[in-house]
Every structure is written in structure tokens, then in C-alpha cells.
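Reader: I'm new to this structure, and I'd like to go through it with you slowly. Could you put it up before we start?

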Amino acid sequence: DCLMDVGLNPHNCDPWAEYVDTADRKRHGVTGTAGLTDAEKNIYDFVKENGKATRQQVMAGLNLSATELADRLTAMLHDELVKEASEGGKQYLVVIG
């Protein structure tokens with residue numbers, strides 16, 4: 001677990017990974033939240049129900065650590081299901097589409 005925290009995790013901002021992930025989903029006909037884990041669906045639903053949410057709000061609302069949230073968000077960001085947007089100097093997660 002310690003090694004995962006030090007840098008062996010996938011990165012949020014990885015254009016090649018985003019391309020590969022979205023192309024793979026399209027090729028397999030996967031749309032929406034299909035293919036997400038239950039934990040990822042919970043995050044997606046939380047953000048969607050609130051319209052937008054900071055990472056801190058998601059962590060508090062779903063009782064996740066920063067590492068747990070980052071790990072689960074990476075796939076969702078690469079699959080272009082959620083994105084981070086800046087508003088009023090804060091970063092918010094918002095559902096795409």
C-alpha cells in the first residue's frame with residue numbers, strides 16, 4: 001500500500017490514458033456508468049445529485065480518504081465521466097453530459 005501512495009498510481013492528467021480509455025469504452029459499447037465499480041458509481045451519483053462537489057465534500061460525504069478518492073477518480077476522469085472545473089477560485093468535480 002505504501003508504494004501505491006508514492007507514485008505507482010495512474011495519474012489524473014494523462015491525455016494518452018484518456019484517449020485509450022474512452023476509445024476502449026466506445027469500442028466495447030460501454031456508456032454512462034456501466035463498467036464502474038460500486039465505489040465509483042457512488043462518487044458519480046454524489047457529484048451528480050449535488051450538481052458539483054469539491055473533493056473535500058465527496059470525501060466527507062462518502063467517508064473516503066484523499067488517496068481512496070484519487071484512485072477512484074482517475075478512471076472516471078480518464079473515461080470522461082466527470083471533470084474538474086474551477087469556479088470562484090475553487091476546484092469542483094462535475095458530471096460530464
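Predicted model: local features only at pLDDT ≥ 70, side-chain atom pairs only at ≥ 80, totals over all residues.

Reader: Ok, how many helices and strands does the protein have?

Author: There are five helices and two strands, and from the N terminus on they run α-α-α-α-α-β-β. These are DSSP runs numbered from the N terminus, with at least four residues of H or I for a helix and at least two of E for a strand.

Reader: And how much of the protein counts as buried?

Author: Of its 97 residues, 28% count as buried, where buried means under 20% relative accessible area, exposed means over 50%, and partly exposed lies in between, using a 1.4 Å probe and protein chains only.

Reader: Which residues have the most contacts inside the largest nonpolar core?

Author: That core has 16 residues, and those with the most contacts inside it are Ile43, Val58, Leu69, Leu73, Met76 and Val82. Helices α3, α4 (55–62) and α5 each give two or more residues to this core. A nonpolar core here is a set of buried Ala, Val, Leu, Ile, Met, Phe, Trp, Tyr and Cys residues joined through side-chain atoms within 4.5 Å.

Reader: What does Met76 touch?

Author: Not counting residues up to four places away in sequence, Met76 touches Leu36, Glu40, Ile43, Tyr44, Leu81 and Val82, a contact being heavy atoms within 4.5 Å.

Reader: Glu40 is in that list, so where is Glu40 found, and is it buried or exposed?

Author: Glu40 is found in helix α3, which covers residues 38–50. Glu40 is buried yet has no salt bridge, and the nearest side chain of opposite charge, Arg72, is 6.5 Å away. A salt bridge needs a side-chain nitrogen of Lys or Arg within 4 Å of a carboxyl oxygen of Asp or Glu. For charge, Lys and Arg count as positive and Asp and Glu as negative, with His and the chain ends not counted.

Reader: What does the side chain of Glu40 reach, then?

Author: It reaches the backbone nitrogen of Thr37 at 2.9 Å. Leaving aside neighbours within four places in sequence, Glu40 is in contact with Arg72, Ala75 and Met76.

Reader: Let's turn to α5: which of its residues are buried?

Author: In α5, Leu69, Leu73, Thr74, Met76, Leu77 and His78 are buried. Helix α5 has 13 residues (66–78), which should span 18 Å at 1.5 Å a residue, and its end C-alpha atoms are 18 Å apart, which agrees; the expected span is 1.5 Å times one less than the number of residues. Just after α5, Glu80 takes a positive phi of about 55°.

Reader: Back to charges: how many salt bridges does a search of the whole structure find?

Author: The search finds two salt bridges. Glu87 forms one with Lys52, the closest N and O atoms being 2.4 Å apart. That pair links distant parts of the chain, with Glu87 in strand β1 (residues 82–87) and Lys52 in the loop between α3 and α4, 35 residues apart. Glu84 forms a salt bridge with Arg55, the closest N and O atoms being 3.0 Å apart, and this pair links strand β1 to helix α4 across 29 residues.

Reader: Why does Glu84 count as partly exposed?

Author: Glu84 counts as partly exposed because its relative accessibility is 32%.

Conventions. Residues numbered from 1 in each chain as written. Heavy atoms only, no water. Polar contact = N/O pair within 3.5 Å; in protein donor to acceptor, adjacent residues only side chain to side chain.
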